[in-house]
Amino acid sequence: MAKPTLTLNGKPVEFEPGQTILEVALNNGVEIPTLCYLKDATPTGACRVCLVEVKGARTLVASCAMPAGPGMEVTTDSQAVHTSRRLNIELLLASGNHNCLTCEANGRCKLQALAYKYGITDIRFKGQTQQYATEDENPLIVRDFSRCILCGRCVQACNDVQVNRAIGYGYRGAASKIVTTGDRPYHHSDCVFCGQCLEACPVGALVEKKAKGQGRSYELKQVRTTCPYCGVGCQMLLHVKGDRIVKVTAAQGPANKGRLCVKGRFGYDFVHSPERLTTPLIKEDGQFREASWDEALGLVAKKFKEIKKEHGAGAIAGLSSARTTNEENYLFQKLFRAGIGTNNVDHCARL
Amino acid sequence: MAGLAASFGSGAMTNSFAEFDQAKLLLVIGSNTTEAHPVAGAFIKRAVQKGAQLIVVDPRFTGIAEHAQTFVPIKVGSDVAFLNGLMHVIIKENLQDQAYVDAHTTGFNELKAKVAEYTPKKAAKIAGISEELLVRVARQVASVKPAMLIYTLGITEHTCGVNNVRSCANLQMLLGNVGYDCGGVNPLRGQNNVQGACDMGALPNVYPGYQKVEDKAARAKFEEAWGVKLPKKNGLMMPQMFEGMADGSIKALWVFGENLANTEPDIRHVEHCLESVEFLICNDIFPTETTRFADVIFPAAAWSEDDGTFSNSERRVQRVRKAVEPPGEAKPNWWIFREVAARLGKEWKSKSGQEIWDKEVSKLAPALGGIKYSRLENDGLQWPCPDTKHSGTTCLHKDGCFTCGMGNFQALDWTPPAEVPDKKYPLVLSTGRRLYHYHTRTQTGRCGGLNDLLGQETADISLADAALLGVADGDLVRVSSRRGQVVVKAKVTPQVPQGMVWMAFHFREGNANWLTNPVYDPISLTAEYKACAVKVEKA
């Protein structure tokens, strides 16, 4: 059966039944700006930034929520579209505290990027004063409602991406707010701190508490790596400034597809703990003293030789680590088998 | 892993995480997925949201159970009886995939005879559920093909752990579910690189790539590669090493990146062993309860301070990258091992993660032969990946063609846990992990915010037992077993059934391993963390 077609900016294009206009445009290399759109989640059509013109329609339509139909004539960048988009962005900018100077999102903010793209320099509307106090009391996530544009991406991330069902829309009209059950702070709610809401927030309404003031997005180097906790093997980006990891975000790995859990996202700063072991230690008379590498390595080798000579290699055993890399595990068992001469090597696979 | 290796010929997760949210029916048994593997849990929950059926089998009403259409609260340690009961109903009602069974498996008649003994009446009684529920689950799991089975340590941490695993394998082979996308038997590994540590031969009976120490040809291969004569006999497993430390036959132990003093069952016994051994070496990133006993401590570079690879549960080798410098004089673990080898007269050439992998590991392990660092930049590769043209393997035993030729059914009897409740210790203690911490908190205990979310251990008890004991949520209770006792706060929760106490091992104070029973599965030597007898009193 032939695929249905529609006209996109004057050109006929094919589409799959069920696709939205936005998806059809993306597939055909036509860019439509979005704010609230979150891939693979149920569209909300909340922000009205992705408006397009469909011939015969009563109004402009939100392309993220409108299913493509055969024979539709869609224009993505007409004067009407441009004017409306600009107005909607202006209204969003007026709706809260969108001062970029000290905002954590500066440089990665989608609203800021749209304001720049559409050249919005002054705002004709007077905004409302801050209605809800910032939630700064939970240990990990700052919720600054004055910067929230109610796009709902965090709600989709929580309900559709992680299926944790901890947040939704609360109150009505101008009093609208993203809330947990009973509008309680995150740590007194069903929230499990996976931080997918942080990942989804296009502005500076949700930010990592530990990363606040630690560096702007454009100052941070990103290093992709694998999470050090459970066996799922989530892929993540370490955001590094100088010699410090300042935050962690999810990468699109095959086993996590942009998700992390609380440990993966927030369990990174142990590496910078002042309690780290920094020098070899040798115990003497029940007390540890600092030693050089040469002394400590030499002592271990000497001891191994002595024990091997007196009791045989079978009197030496090693427990490898399921927490460290393949290469380290490989070399550990090689050391026991080929260096010492025993197969007494195991690890806690059973834990 | 020993169980799956015996049934299928390969001891690893058969399928991939990407299939979880595509599956049509998932049977999750002994897995607290939303706390121990939260991202895997998210995919299961998404599958349900998209219309999949979910059956959760667990003594506790866990977070993932909240998403299930069918929750089966079996008694701790009754898994074999329950699974035999399911197979009894399936065979009696002729719901098995007989064509698959005939073409791809051996031992069906023995299995059939054995499960015939496990009538719904008998199996349901052992499992502590209704016959009606057992029959319903059997029909439900047989109604969708393929169905995916997922398990975690609730299956393996028993004295009958290997039998539990083999029973899961029996069920999935009987239903013809092994070797297809969105099917299979899928153990979720608890640690980031347990799969890799096994793959690398950090086991007393196999070299890298599961090549057997006792196999002459394999030994000759490694003797040639490493340029030394190698010992012929298998080495000791961890519990045997502990015995050796206690009786003096083990003189030196090297512990690398593990906090044994808190993670092993019966802490008092473990510490006695660590104290007894003549010479203890530890590599770690922090002082721990275990390093207290060391004679030499080497400061190691941590995750993010060196380059290497981890292998996840689905056999995927993925890169770990260096982002920052190690503190002070801390060094990568491989460097430490290489330096000791040099002082034992062995000069090893490889001097980076990449050189070790590309020049040694992938050359010596046939299933990893096609995996090279240059191919791991983005999404990694899943073994088996025998050559550099191979794109890796998402699903093992494709179409029922098992690694070992034919899948092996094993007729098994249920055995109870080694220690069951009695008059003196009337409750069952089961243990595991909680969401906000990892193992003994060596890492997560030093991350801002996580201690605020979970700051101490609790003993989770049922509403019914709390009422009987006169204990309210937050009251201090003394939990004691034949090994020891702890005083912790009670968490009174509907998650836990009457007769059960549930605890974790994240905190030194109130650590469940003061209480757990150091008894082991006879084959895998996995400890029975999931069942011992305790009593609870108001403290």
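Which residues in H2(A) meet which residues in H3(A)?

Mentor: Happy to walk you through it. This is a predicted model, where local features need pLDDT of at least 70, side-chain atom pairs count only at pLDDT 80 or more, and totals for chains, interfaces and linings use all residues. Residues are numbered from 1 along each chain as its sequence is written, while chains are lettered from A and ligands numbered from 1 in the order in which they are written.

From H2(A), the residues are A:Ile89, A:Leu92 and A:Leu93, and they meet A:Leu111, A:Leu114 and A:Ala115 of H3(A). Here, contact means that C-beta atoms, placed from the backbone, lie within 7 Å. Helices (H or I, at least four residues) and strands (E, at least two) are DSSP runs, numbered from the N terminus.

Now for the geometry. Helix H2 of chain A covers residues 79–94 and helix H3 of chain A covers residues 110–117; their axes come within 10 Å and cross at roughly 135 degrees. Axes are lines fitted to C-alpha atoms, for helices over the stretch in contact, with angles from 0 to 180 degrees between N-to-C directions. H2(A) is therefore oblique to H3(A) (under 35 degrees is roughly parallel, over 145 roughly antiparallel, 65 to 115 roughly perpendicular and the rest oblique). The crossing of this pair is left-handed, meaning that the near helix is turned anticlockwise from the far one by less than a right angle; clockwise would be right-handed. By class, the contact of H2(A) with H3(A) has six nonpolar residues, no polar and no charged ones (Ala, Val, Leu, Ile, Met, Phe, Trp, Tyr, Cys and Pro count as nonpolar, Asp, Glu, Lys and Arg as charged, and the others, Gly among them, as polar).

On the H7(A) side, A:Leu297, A:Gly298, A:Val300 and A:Ala301 meet B:Glu339, B:Val340 and B:Arg343 of H16(B). The residues in this contact of H7(A) with H16(B) are four nonpolar, one polar and two charged.

How values were computed: Contact = placed C-beta atoms within 7 Å.
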